[in-house]
Amino acid sequence: MSVAPLAEPEVLVPASEEEAIAAFGDGTGVTVLGGGTILMPELAAGRLKPEKTILLARAGLDEWRDEGGTTRIGAAVSVGALVDAPEPLASAARHVADYEVRSQGTLGGNLCAGPGRGFPRGDLQAPLIALDAYVRSAGAGGERTEPVERFLSTSPGNRLVVQVEFETRDRLGGWAALERPHAHSYTALSVAATISPSGSDLRVACSGAGPYAVRLRSVEQGGLDGDPGEALRDVQLTDDALASAWYRERMLPVLVGRVLSQLKEAG
Amino acid sequence: MSLIINGAEYELASPPLTSLLNVLREEVGLLSPKAGCQQGGCGTCTVLIDGEPRRACLTPLGAIEGAAITTVEGLGDPRNLSPVQAAFHEHYAAQCGFCTPGMMMAATGLLARRPDATRDDVLEALAGHFCRCTGYVKIVDAVLSAAAGRVDTTRPEPEAEPGEPSVVIPGSPA
């Protein structure tokens with residue numbers, strides 16, 4: 001009996017955005033590796049055996065441009081670099097893991113990070129919703145640009161994130177989160193918000209209250225002096241490894257209240 | 001695939017999704033980066049990649065073609081330690097030693113980007129590094145001492161006792 005050698009998994013290292021998009025195609029059977037902070041442990045443990053992997057390290061997706069009133073941040077920009085981003089993105093980035101892991105994890109990975117093994121991830125998703133950010137992604141049906149909250153509600157794991165962009169406006173930002181027990185713990189619950197200096201256009205979102213971040217429209221309708229408890233209308237809380245639904249139900253209004261206070265004090 | 005490891009160029013045969021940690025330990029034979037949690041959570045595999053501290057366990061070989069890697073073996077030698085190594089020695093900042101390579105590389109990276117690091121800087125830089133011997137106080141003191149330049153990096157030639165056999169520990173920088 002002859003034994004055929006096992007096929008080596010295909011690993012592609014695109015040298016440009018165009019090559020990355022072409023290599024991704026419609027995304028079928030493709031694993032995208034940005035910083036490696038999520039996928040490398042899965043590979044090491046043997047839980048992930050990809051047939052085709054795209055390494056984004058040299059795809060030129062690590063550019064950050066402020067031009068014409070718009071901030072454009074490439075998907076491979078590290079979470080660590082985002083500590084210099086507008087609030088509340090900067091505060092959220094500072095609270096992701098430790099210096100080294102933060103420097104390896106990427107914006108695109110964090111945006112696509114669905115629930116881990118029993119707990120939510122993606123601490124940057126709520127700040128991006130609060131900033132009214134748009135995601136440019138590629139995959140089945142071609143490229144498209146859409147608001148972050150819509151992107152998160154339509155299978156982000158099946159898309160290649162290329163870039164995130166938002167208007168570089170003079171907005172006030174607020175952010176509050178439950179304390180993490182350790183630098184490497186995911187945040188059980190966090191709330192991000194922005195508002196224009198004139199006090200209009202309040203945008204509020206939370207991470208940790210579901211598989212992906214959600215916009216808290218009920219809080220937005222109440223304005224800065226509204227009832228923080230209205231946030232519970234926009235979420236479906238569940239128990240997970242980080243916190244119980246009971247605890248989140250009590251803490252979400254507290255965090256919303258803190259963020260609204262920050263915005264009032266800043267204004 | 002090639003890397004420059006502690007100043008020497010290596011042609012490597014490991015597949016591109018192999019972690020840098022496994023490349024260093026299993027193909028190159030450098031054993032200072034430890035295989036701890038292998039999830040990025042313990043810090044003991046930390047090395048410098050192009051001068052920046054990074055988790056070797058989270059870094060696929062294929063993403064760092066041609067990069068310059070520095071491990072503890074590349075910091076100094078037993079008679080001419082790096083400032084961080086000398087400070088760890090002087091402050092007894094190691095017990096079992098398992099976390100020490102990662103602590104040293106994180107500290108070396110910190111002092112490279114912030115030579116006048118404060119206590120808060122050190123605490124933040126080491127926040128993701130576990131020491132299960134609970135030796136954090138001496139480790140932090142050591143890094144602050146290195147930042148202040150209060151270390152003697154030279155060491156005398158170790159003298160063997162008469163009749164003492166030569167002991168070579170695989171992977172030891174000595």
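## Sheet in chain A

Chain A holds an open sheet of 3 strands, ordered β1-β3-β2, and the pairing is parallel. The edge positions go to β1 (10-12) and β2 (30-33) of chain A. Each has a single partner strand, so one side of each is left without a neighbour in the sheet. From one strand to the next, the twist averages 20°. The model is predicted.

β1(A) and strand β3 (residues 52-55) of chain A run parallel and are joined by 3 bridges. One pairing can be named: A:V11 has A:T53 of β3(A) as its bridge partner.

Helix α1 (residues 17-24) of chain A lies across β1, β2 and β3 of chain A. Its direction is at about 165° to β3(A).

## Contact between the chains

How many residues does the contact take from chain B and from chain A? Chain B gives 24 residues and chain A gives 22 residues.

On the chain B side, β4 (52-55) and α4 (119-125) each supply at least two residues that touch chain A. β4(B) has the largest share, with 4 residues. By class, this side of chain B has 11 nonpolar, 9 polar and 4 charged residues.

## Two domains in chain B

Chain B is divided into domain 1 (2-74) and domain 2 (83-147). Their C-alpha centres lie 20 Å apart. The domains touch: 14 residues of domain 1 of chain B are in contact with 13 residues of domain 2 of chain B.

Which elements of domain 1 give two or more residues to the side that touches domain 2 of chain B? They are β3 (46-49) and β4 of chain B. β3(B) brings the largest share, 3 residues. The classes on this side of domain 1 are 7 nonpolar, 5 polar and 2 charged residues.

## Helix pair in chain B

Helix α3 (residues 100-113) and helix α5 (residues 136-147), both of chain B, pack at an angle of about 35°. Their axes are 11 Å apart. The crossing of α3(B) past α5(B) is right-handed.

From α3(B), the contact is made by B:M103, B:A107 and B:L111. From α5(B) come B:I139, B:V143, B:A146 and B:A147. The class count is 7 nonpolar residues, with no polar and no charged residues.

Definitions and conventions. Residues are numbered from 1 along each chain as its sequence is written. Chains are lettered from A and ligands numbered from 1 in the order in which they are written. This is a predicted model: local features need pLDDT of at least 70, side-chain atom pairs count only at pLDDT 80 or more; totals for chains, interfaces and linings use all residues. Axes are lines fitted to C-alpha atoms, for helices over the stretch in contact, and angles run from 0 to 180 degrees between N-to-C directions. A crossing is left-handed if the near helix is turned anticlockwise from the far one by less than a right angle, and right-handed if clockwise. Two residues are in contact if their C-beta atoms, placed from the backbone, lie within 7 Å. Ala, Val, Leu, Ile, Met, Phe, Trp, Tyr, Cys and Pro count as nonpolar, Asp, Glu, Lys and Arg as charged, and the others, Gly among them, as polar. Two strands pair if DSSP finds at least two bridges between them. Domain bounds come from an automatic or database domain assignment.
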